[in-house]
Amino acid sequence: MYHDERWRLARKGEFLRVRADLIQAVRRFFVAYDFLEVETPIRLLEIAPESSIEAVSSEDRYLQTSPELCMKRLLAAGYGRIFQISKCFRRKERGNLHLPEFTMLEWYEEGADYKTLMERCEDLLLFVTCELGRDAMLDIGEGRQLCLQKPWERITLDEAFDRYSSLSLYEALRRDCFDEILAIDIEPNLGITRPTFLYDYPVELGSLARRSPADSKTAERFELYLNGMELANAFSELTDVDEQRCRFEEEQKRRADRGLEVYPEPRKFLSALNHLPESAGIALGLDRLVMLFCGTRTIDDVVAFTPELL
Amino acid sequence: MYEASDLRKNLKIQIDGEPYVVTDFQFSKPGKGQALYRCKLKNMLTGAQFERTFRSVDTFEPADLNERRMQYLYREENKYCFMDNESYEQVYLTADQVGEAANFLIENIDVEILFFGEQPLGVTLPNFVDLTVTKAEPWIKGDTAAGNSKPIVVETGYQLQAPPFIEEGEKIRIDTRTGEYVTRVKE
């Protein structure tokens, strides 16, 4: 009955308003910092072959799992500060924090590294909070608050394993239980009183990230957590084409070992990589950011239609 | 054979020859890592519960249960009585075995009773049931704030949120998998 749909959609009105205001505020932030908003194609011939991300096929193409490769081709062509808000598609991802079709904010900055991006994240969230008329002690529901004042917590992956898990990072990787410990023992402790940057990942866990000059086994990558929830993933970009090709091959091998589709090598991206300047980029889940400002723990609340209601 | 991505609340799987039901389920995917399927499982024979996290490569045998269509008759203290419509055989389930399905059981409703061998272990409801509203604030006509909702109670005593235009005595359809209001049913 139509009245029921009308009721169901109208109940989301308040959250959809927050969503719209937040997206406008994000745009104002990037425009103010002289970023160019870009749109890149959603149906792609080549995607980054990552071991745990499954793409949706569309005729002879793939729907983007992120706009990363096209945005880096723009970056290589001299567009030094770009951002995009776009739909991304990943198969078999559905849960309280996952929709198979979701909205990603992605931006790239020439001359930046991952630490610069940490500061940009702090500034972005404080700007958005202010634009939405919220307090920097942000109410996140259930009577809890998150302090967004700078600086946020910064903790290496190594430290996080030592602090929250009975195994060291090295042991967790060796025993093949890294993902389980991260998800069950560590993530729920991150970003509880203020946001947390979890940084410095083993190189094999950052297939498009630059090696740290200080330690070649470490990739300059971070994940941002708020309220136990992963919000963003960032790194200093790997610009060495030969190394990137090897890293992709390792990811492809992991996919093949698990019986997953092996994606075609992203040739156009690799040939552009020769021209990629020193830079850093980040992908931030916009639906999850809206969740925080709405004080809800389920992503279904912040989109008008879930896949089940189509 | 089930894959990990089939896991969801109330799915019944076989582990070491015994039937288990998923009582709680959470999908997570840390960073760029693998998909993890975090489950609470209950042994349907012993009631013992435990937590386990599965990966997408894990597969499961469906629990080796027979389903028989039966009618719910009545509740007697802690026991729920069901009857086979053809043989008139009656079986009983405990409140623990019935679980949240009790919210949607009305007399004479047809359900599937799950048997492990000859032993009845649980009940599977139809995805949708129609229940009569027994308690609801009256609808103030002109209340056009369409997003409002109000708590209502249905004949089983189950409480849920519904649109403001739902009134006492009406029938509504409920999705038994989520416990949520679906639509008003015109008779």
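User: Is Gln34(B) buried or exposed, and where does the residue lie in chain B?

Analyst: A relative accessible area is read against a cut-off, and buried means under 20%. In this predicted model, Gln34(B) has a relative accessible area of 10%, so the residue counts as buried. Gln34(B) is placed in the loop between strand E3 (18-28) and strand E4 (36-43) of chain B.

User: Which residues does Gln34(B) touch?

Analyst: Leaving aside residues up to four places away in sequence, Gln34(B) touches Ser52(A), Asp179(A) and Arg258(A) in chain A, and Ser28(B), Lys29(B) and Arg55(B) in chain B.

User: How many residues does each chain bring to the contact, and how much area is buried between chain B and chain A?

Analyst: Chain B contributes 28 residues and chain A 31 residues. The two chains bury about 2600 Å² between them, and 51% of this area is on carbon and sulfur atoms. On the side of chain B, the residues that lose the most area to chain A are Phe27(B), Lys29(B) and Lys32(B), together 26% of what that side buries.

User: How many salt bridges cross this interface?

Analyst: A salt bridge is assigned when a side-chain nitrogen of Lys or Arg is within 4 Å of a carboxyl oxygen of Asp or Glu. Across the interface of chain B and chain A, five are found. The side chains of Lys32(B) and Glu50(A) form a salt bridge, at 2.8 Å from N to O. Over all chains, the search of the whole structure gives 45 salt bridges.

User: Which parts of chain A does the salt bridge of Arg210(A) and Glu278(A) tie together?

Analyst: For such a pair, both the atoms and the sequence positions are to be read. The closest N and O atoms of Arg210(A) and Glu278(A) are 2.6 Å apart. Arg210(A) lies in the loop between strand E10 (196-202) and strand E11 (218-226) of chain A, and Glu278(A) in the loop between helix H9 (267-273) and strand E13 (279-285) of chain A, so the pair ties together parts that are 68 residues apart in sequence. Glu278(A) is partly exposed, with a relative accessible area of 43%.

User: Which residues are linked in a network of salt bridges?

Analyst: The network links Asp242(A), Arg245(A), Glu265(A) and Arg267(A). Within this group, the side chains of Arg245(A) and Glu265(A) meet at 3.5 Å, N to O. This pair links distant parts of the chain, 20 residues apart: Arg245(A) is in helix H8 (residues 241-257) of chain A, and Glu265(A) in the loop between H8 and H9 of chain A. Arg245(A) is partly exposed at 31% relative accessibility, and Glu265(A) is partly exposed at 30%.

User: How many residues make up the largest nonpolar core, and which have the most contacts inside it?

Analyst: In soluble globular proteins, nonpolar side chains tend to be buried together. Here the largest nonpolar core has 54 residues, and Leu105(A), Trp107(A), Leu124(A) and Phe222(A) have the most contacts inside it. Helix H2 (residues 13-32) of chain A supplies the largest share of this core, eight residues. A second, separate core has 31 residues, among them Tyr72(B), Val91(B), Ile113(B) and Ile174(B).

User: What does Phe222(A) touch?

Analyst: Not counting residues up to four places away in sequence, the residues that Phe222(A) touches include Tyr114(A), Leu117(A), Met118(A), Cys121(A), Phe197(A) and Ile282(A).

User: Which residues form a nonpolar patch on the surface?

Analyst: The patch is formed by Phe305(A), Leu309(A) and Leu310(A), with about 350 Å² of accessible area together. Leu309(A) is in the segment after helix H10 (286-294) of chain A, and is partly exposed at 43% relative accessible area.

User: What is to be read from the backbone angles at Pro151(A), Lys92(A) and Asp176(A)?

Analyst: Omega describes the peptide bond, and phi the residue itself. The peptide bond from Lys150(A) to Pro151(A) is cis, with omega near -10°; Pro151(A) is in the loop between strand E8 (145-147) and strand E9 (153-156) of chain A. Lys92(A), which is not a glycine, has a positive phi near 60° and lies in the loop between strand E5 (81-89) and strand E6 (101-110) of chain A. Asp176(A), also not a glycine, has a positive phi of about 55°, in the loop between helix H6 (169-174) and helix H7 (178-186) of chain A.

Methods
Residues numbered from 1 in each chain as written. Chains lettered and ligands numbered in written order. Predicted model: local features only at pLDDT ≥ 70, side-chain atom pairs only at ≥ 80, totals over all residues. Heavy atoms only, no water. Patch = residues over 30% accessible without salt bridge, like charges linked within 9 Å, V, L, I, M, F, W, Y side chains within 5 Å. Areas by Shrake-Rupley, 256 points an atom, 1.4 Å probe, with all protein chains shown as cover. Helix = DSSP H or I, 4+ residues; strand = E, 2+ residues; numbered from the N terminus. Buried < 20%, exposed > 50% of the residue type's maximum accessible area, 1.4 Å probe, protein only. Core = buried A, V, L, I, M, F, W, Y, C linked by side-chain atoms within 4.5 Å. Contact = heavy atoms within 4.5 Å. Buried area = accessible area lost by both parts, 1.4 Å probe.
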